[in-house]
Amino acid sequence: MDTSLSAPLIFLDQDDLVTGWSEGAKRLLGWDASRVIGESFSEIYDERGFFIGADGPVDLDSVSVPTPDQGRVIALRNARTTHLLERLDLTMTNADVIGAWNWDVAGELIFTDSRFASTFGVDADKAEHGLPLQEFIDRIHHGDRARVAAEMVRTIESGGAYAAEYRMLSPGGDVRHVLAQGKLVEAEDGKPARFPGVLFDVTARRQAEMEAEAQKERFRTLFENLESGFCIIRMIWDEAGNPADYEFVEVNKAFARHTGIEDAVGKWMRRDVATDHEQYWFDLYGKVARSGEPVNIEYPAEALHRWFQVQAFSIDSPGSDSVAVLFSDITVSKRAEMVLKASEEELRTLAQSMLNHVWTATPDGMIDWLNDQVVAFSGESREKLYGNGWSAIVHPEDFPGAAAAWAESVATGETYQTEFRIRRHDGAYRWHVVRATPVKTGEGVIRRWVGTNTDIEHAKLNEAALTELNATLEDRIAERTEQLLQSEKALQQSQKMETIGKLTGGIAHDFNNLLQVVSGNLQLLAKDVDGNERAEARVANALAGVKRGAKLASQLLAFGRRQPLEPKVINVGRFVSGMEDLLRRSVGETVDCEIIVSEGLWNTSADPTQVETTLLNLAINARDAMDGAGKLTIEAGNARLDDSYTDLHDDVSSGDYVLIAVSDTGSGMDKSTLERAFEPFYSTKPEGKGTGLGLSMVYGFVKQSGGHIKIYSEPGHGTTVKLYLPRSLDEEHLEAQPVTVGPATGGSETILVVEDDDDVRATVVATLSDLGYRVLTARDAQSGLAVIESGINVDVLFTDVVMPGTLKSPEMAKIAQALKPGLVVLFTSGYTENSIVHGGKLDPGVELLSKPYTREALDGRIRHLLANRKQRAAPAARQIQPSAAAQQDHVPPITPAASPAQGALTIILVEDEALIRINTADILADMGHTVIEAGTAAEALEAAGTQEFDILVTDLGLPDMKGGELARQVRLLKPDAGIIFATGQNEIPDGADSNSVLLKKPYTDDALRQALDQVR
C-alpha cells in the first residue's frame, strides 16, 4: 500500500480512547500505532488545540465525524498544507497557470485537471481518469520532445524536483512556451510512485525576452556603428559632493577617432588622460547626472583647440552617476559656418526658381525652411510647417512610416528617401517621392539636410493599374479574348450589313432612274389618252405600280443609309403622343396600345418623317407578331449608355440618348431569327405577307441618325425593340410641313437639265417642254458648266447628283451660282452618296427632289424656288424704282410710331424665311401699317391671342404648322380678321374661307396693297 497516499485518521470509542491509528496519522504525528492505541485522546491533543507529536506540538486542522457505536473518527490535515492549497488555487486562478498533473509512474498514466487537458487538446474526462504519457509527449514541439523526455527520465532516476521549459503545440497549431515544474514522490520501498506538477504559460515572457535580446542587439549595432563619438561615463564626486572626475565605462568605435584616446574603458579623464581638462565639462555632466535633464550644446575644448557638439543624457534615474555622451568634432564646421551660410543663401535662391518642393532641415531633422512651391501647394504657412509641423500635411496612414524613416536617417546621417501622400490646399492627397541628403562638413558632420518632394501621382496610378493588370492578367486575357470574338462577330455582321447596304443603295439608284423614265412617260401618256377611260385606268394602275416601286427603293435606301435625311430637333414624347390616333388605327381595335412618356424627356435630332415611318413599321410588325390581338407598349425616356455597355457594342459611343422602346406580347424570336432580323428581304411572315424590309429600313435610319438599335426577344415571351437616338441640347423645332403641291401650271423660264442617263434625260426634257419651259441639256457636269459659262440665259439648273467625270455636280452648282448669282439650283437623285449629304443629313440650303417624282412635284418645286428668288429680289427693285402707287401719290413712307396714315392696319406677318419677312415688313411699314412679325405659327398664335390686329398675312409652308391650319385657328380667335395667303402656289389651301385672298409670290407693292384692300 502506498502510505504516502494513506489518509491521516484517528479512530476513538465512546470514552475517547484511541482504537485505530492510520499510516497517515503516523506520518503526521510520528507515533506508531502500538504506542497510542488504548491511550486517551487527551494524551495526543492538548487544551491549546495542538496535537502532541513524537517531536512536540504540531499545528494540524482536524475534522471529527461521529460513528454509529457512539465513537468518532478524527481526520487530520496539516494547517500549512491547507494554506498552501489555498494559495495554490489562488495562484492557478490568477497567474499564467495552464493546469496541474499527477503522473502515476508505476501505472504509466497521467491524471490532469480540465485546463491542462484543454491545453494539450485531449478529452478532459479521459484525462481526469488517466491517459498514457505518450498522449502528452506527442504534443510537445518536435524540437524539444527528446530533451523533455530525457529530463523526465533523469528526474525519475535521480529523484527530487523537476523543472523544464519547452515549446508545445496548441490544438489550433500555435506554438506556446511553457514551464513544467514538478517533484518525484517515492513509495516506502524507495521506488518512484508518482510525479505531480504544474504547467505554466511563459509565452509572453519568452517573447519579451527574445524581443529584449533583439532590441539589445539593435542598440548594440547602432551604438557600434554611430559615426559620432559615443561613450558612457560614471561620475566621480569629491567629499563635498562636487563633480571631480569621470570614468569611461563604455565607448564606441568612433570614440577613439574623435578624441584620440585609446583603450579608454576604465580610465579616469582627469587622473589618467588630461589633468588640465576644463572644469565646465565635469560640471556639465554632473548636472545631467543629478537632474536627469539632457543637454545638447556646442562647447570648446580649449586645451585641444577644438569645438565639440555634445549631447549628454542620464541613462538611469535622476541622481545616478551614469551619463551617456554623444559628441562630434565641429571645429571645421565652425570655421566654415560663415561660408556655409552664404552658400545656403545661394541654395535657397536657386530652390525658389525650381518647380519642385524644396526644403531644408537642421541636423536633428527639424524643418527650418521651405520654398514657395511647398507653401502654395499645401496652403499652409511656413511657420506652421516648421519643426515637426510637416506632419500636418502628410496622410495619416503614411506618417508613421515616413516619420520613422526620417528619424532613422537623421540618426544615421544616411540619405532619406521614401514615398508618401501630401495634402494639397484643396484637401486632395497626392503621392510624392521625398528625398533628403545631408550636407556635411569636411569631417563628415551634418550641417543640415536638403530635401525635395517630387509629385509621382501619375506614376502611382500607373503602378496600381499595372499591379491590378498583373493580378488579373489571366482573367483579363480570357475576357479580352471573348470580347475580341464578340467584336469579330459584330464586325463580320457589320461588314455584311455594310456590303448589303452598298449593294441595295446601288440597286435603288438604278431602279429609281428606271422608275423616273417609266413615271415620266406615263404622265406624258396620260395627256395623250385624255378622255379614253380604259386607257386612263391603265395609266393610273401603272403609276400606282411606280409608287410602290418608289416605296420599295426608298426602303432599300433607308437600309443602305443612302437616303437624305432632314433632321429637326424634336421632343419624341410629344411626337409619339401626336401619333397615338394613327398608331391605334394602324394596329386595330383588338390590340391594346399604351404610350408611356417619361417626365423631363430630352430632345433629339432626327428626321420627323422617318421617325414616324419607323414607329409605324415597328407597330405593324408587333401587330402581326401578336396575330392582331395583344398589348403594344411604346415608351419614351432618357438613357445613358456607359463604357461598360459600349465596350460590348462597337457600333455605339458612350453618351446620352433618347430611348424609344416598342414592346409586344407576341410570339417572339429565337436566336437564329434575331441574328438575321435586320437583313433585307428576310422575313418570318408567310410568303406574300411582307417584303422583309421593315426592320432593315428601321436599322438603316437609326444608324444613319448616329443612333443604336437593340432587339430583346425570346420565343413565347414577346419582343422589345429599343431605339437610341442621340440627345440634342438645342431648342425643339417641330418638323416642317410640306407645301401642298397643286396642279402643274408650267412656265416660260429656261431650265438646264444635266443628266447622264439618256432615257431619264429624254423623259425630263419632254415633261418640262410639255409644261412650256425652254429646256437646255447636258450629259455631265463639265458639259453643264460649259453651258453656263457660254453666257446663255439660264433660270434653273436641274441636275442629277451622281455624275460621271472628275467634276461633280455640287462643284458645278457652286461654280455656276458664283458665275450667275440668283441661279436656282435643284438637285435630283435616286440616292445621294456623300456629295450633298453629310452625316446622313442634307447640307443646309440644298434643294433635293428625290427620284422618282411626279410631273406636278417637279413643276411645283421649280415654281416655288423661282417665286422665292423673285421675292428676295423685290426689295432691291423697290429701292431702284418706287412703286406706281408711290409715284402717283407722292406721299413719303410714314412709320406707325410717327403719324399713322388714314386707314392704317395692324398686320400679323407670318413668314419662315427671314429675308422675305423683313422685306415684306418694310413694305407694309412704308404703307403706314403696324407689323407684328412671326417666323412660326406658334409665334403668330401667341401674338393673335395677346394683341389686337386686323389682318393675317401668312405663307403656306411653315416650320410647325400649315398656313391653312394657322388661318383656321386665327379665325377662331378673331372671326372678322382678314386672311391673305402669300405663297408660290396657284390656289388657296383646301378648307380656307371663301373670303380669303391669294397673294402669289413674287408679289409687288401694288399686288400687296390690292390684297389688303380686298380683306379690309
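Asp770 is partly exposed because its relative accessible area is 32%, a value that falls between the two cut-offs used here: buried means under 20% relative accessible area and exposed means over 50%, with a 1.4 Å probe and protein chains only. Its partner is Arg855, and the two form a salt bridge with the closest N and O atoms 2.8 Å apart. A salt bridge here is a side-chain nitrogen of Lys or Arg within 4 Å of a carboxyl oxygen of Asp or Glu. Asp770 lies in helix 26 (residues 758-770) and Arg855 in helix 29 (residues 855-880), so this pair ties together parts that are 85 residues apart in sequence. Helices (H or I, at least four residues) and strands (E, at least two) are DSSP runs, numbered from the N terminus. Arg855 counts as buried, because its relative accessibility is 13%.

Before we go on, a word on what you are looking at: this is a predicted model, in which local features need pLDDT of at least 70, side-chain atom pairs count only at pLDDT 80 or more, and totals for chains, interfaces and linings use all residues. Residues are numbered from 1 along each chain as its sequence is written, and side-chain values use heavy atoms, with hydrogens and water left out.

Back to the charges. The model has 39 salt bridges. One of them joins the side chains of Arg167 and Asp144, at 2.9 Å from N to O. This pair links distant parts of the chain, 23 residues apart: Arg167 sits in strand 10 (residues 161-169), and Asp144 in the loop between helix 6 (133-137) and helix 7 (145-158). Arg167 is partly exposed at 26% relative accessibility, while Asp144 is buried at 8%. Asp144 and Arg167 also belong to a network with Arg147 and Glu151, joined by salt bridges that share partners.

Asp372 and Arg382 make another salt bridge, at 2.3 Å from N to O. Asp372 is in helix 14 (residues 372-378) and Arg382 in helix 15 (residues 382-385), so the bridge ties together parts that are 10 residues apart in sequence. Asp372 is partly exposed, with a relative accessible area of 41%, and Arg382 is partly exposed as well, at 23%.

Now for the aromatic rings. A pair of aromatic rings is described by the distance of the centres and the angle of the planes. Rings of Phe, Tyr and Trp (its six-membered ring) pair if their centres lie within 6.5 Å; planes under 30 degrees apart count as stacked, over 60 as edge-to-face and the rest as tilted. The count comes to 26 aromatic pairs. Among them is the edge-to-face pair of Tyr246 and Phe248, 5.6 Å centre to centre with 90° between the planes. Tyr246 and Phe248 are both buried. The ring centres of Phe308 and Phe327 are 6.1 Å apart and their planes meet at 75°, so this pair is edge-to-face. It links distant parts of the chain: Phe308 is in strand 17 (residues 306-314) and Phe327 in strand 18 (residues 322-329), 19 residues apart. Phe308 is buried, because its relative accessible area is 7%, and Phe327 is buried at 7% too. Ring pairs gather Tyr246, Phe248, Phe308 and Phe327 into a cluster that also includes Phe255, Tyr280 and Trp281.

Rings meet charges as well. A charge sits over a ring if NZ of Lys or CZ of Arg is within 6 Å of the ring centre and within 35 degrees of the ring normal. The charged end of Arg290 sits over the ring of Trp237, 3.7 Å from its centre, and that of Arg727 over the ring of Trp602, 4.1 Å from its centre.

What about the backbone? Most residues other than glycine have a negative phi, and most peptide bonds are trans. Asp16, in the loop between strand 1 (9-12) and strand 2 (18-21), has a positive phi near 65°. Asp263 has a positive phi near 50° and lies in the loop between helix 9 (253-259) and helix 10 (269-273). Asp263 is exposed, because its relative accessible area is 66%. His258 lies in helix 9 and is buried at 16% relative accessibility.
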